[in-house]
Amino acid sequence: MCDAKFLVDSMGGKLAKWLRLLGCDTEYVDPREEDSLILRSSIGRILVTRDRELVKRAINYGIKVVNVPERLEEALAILSASAGVRLRINPKESRCPFCNTKLDIIKRAQVVKELPREVLRSHIKFLVCPSCGNVFWFGTHYWNMLKTLSKVKKKRRSLQ
Ligand SMILES: [Zn+2]
């Protein structure tokens, strides 16, 4: 379970996608948006930003904020330490990286989207987004994510 809700304004959405897959309700906003709009959208969420001026303004408005560095691994380690993000992919909790909707776990026979035959043949379970229809599976991308997560965990330990 991810108890925290986030609003991320940095890293071209990459960090937001990660947080969604880790099960956190995460909105993304373009960092070029007006500060006032970003702050308004942060109400009820934790603002995650690289913009130090915005951090100061958020604190003034009583908005929870986490200032993250540029590197994804470090940012995730900090969010784990400061906001309790669990560094584990639980498919039952994962949200769509593109639209933040909770994903459904489906069997191969339920996949309606056209996928490469090898993908269909070599996987039994898939994740589907009920909102945008994207389908995900535990392929190379997933294994690479697990590798990244183990790096993040190491960094996380060094923060304690
Ligand atoms: Zn979606």
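Q: Which residues are linked in a network of salt bridges?
A: This is a predicted model, where local features need pLDDT of at least 70 and side-chain atom pairs count only at pLDDT 80 or more, while totals for chains, interfaces and linings use all residues. Residues are numbered from 1 along each chain as its sequence is written, and side-chain values use heavy atoms, with hydrogens and water left out. A salt bridge here is a side-chain nitrogen of Lys or Arg within 4 Å of a carboxyl oxygen of Asp or Glu. The network is made up of Asp 25, Glu 27 and Arg 45.

Q: How many salt bridges does the structure hold?
A: Side chains of opposite charge can pair when their charged atoms come close. Counted up for this structure, the salt bridges come to 8.

Q: Which side chain meets Glu 70 in a salt bridge?
A: Look at the loop between strand 4 (65-67) and helix 4 (72-83), where Glu 70 sits; its partner is 20 residues apart, in the loop between strand 3 (46-49) and helix 3 (52-60). Helices (H or I, at least four residues) and strands (E, at least two) are DSSP runs, numbered from the N terminus. The N to O distance is 3.8 Å, and the partner is Arg 50.

Q: Is Glu 73 buried or exposed?
A: Glu 73 meets Arg 71 in a salt bridge of 3.2 Å, N to O. Buried means under 20% relative accessible area, exposed over 50% and partly exposed in between (1.4 Å probe, protein chains only). Glu 73 has a relative accessible area of 12%, so it is buried.

Q: Which side chain of opposite charge is nearest to Arg 20?
A: Arg 20 lies in helix 1 (residues 14-21), and it is buried yet has no salt bridge. Leaving out residues up to four places away in sequence, Arg 20 touches several others, including Tyr 28, Phe 98 and Asn 100 (contact means heavy atoms within 4.5 Å). For charges, Lys and Arg count as positive and Asp and Glu as negative, with His and the chain ends not counted. At 4.6 Å away, the nearest side chain of opposite charge is Glu 27.

Q: What is the relative accessibility of Lys 154?
A: You'll find Lys 154 in helix 6 (residues 140-159). Accessible areas come from the Shrake-Rupley method with a 1.4 Å probe, and for residues only the protein chains shown count as cover. Lys 154 counts as exposed because its relative accessibility is 60%.
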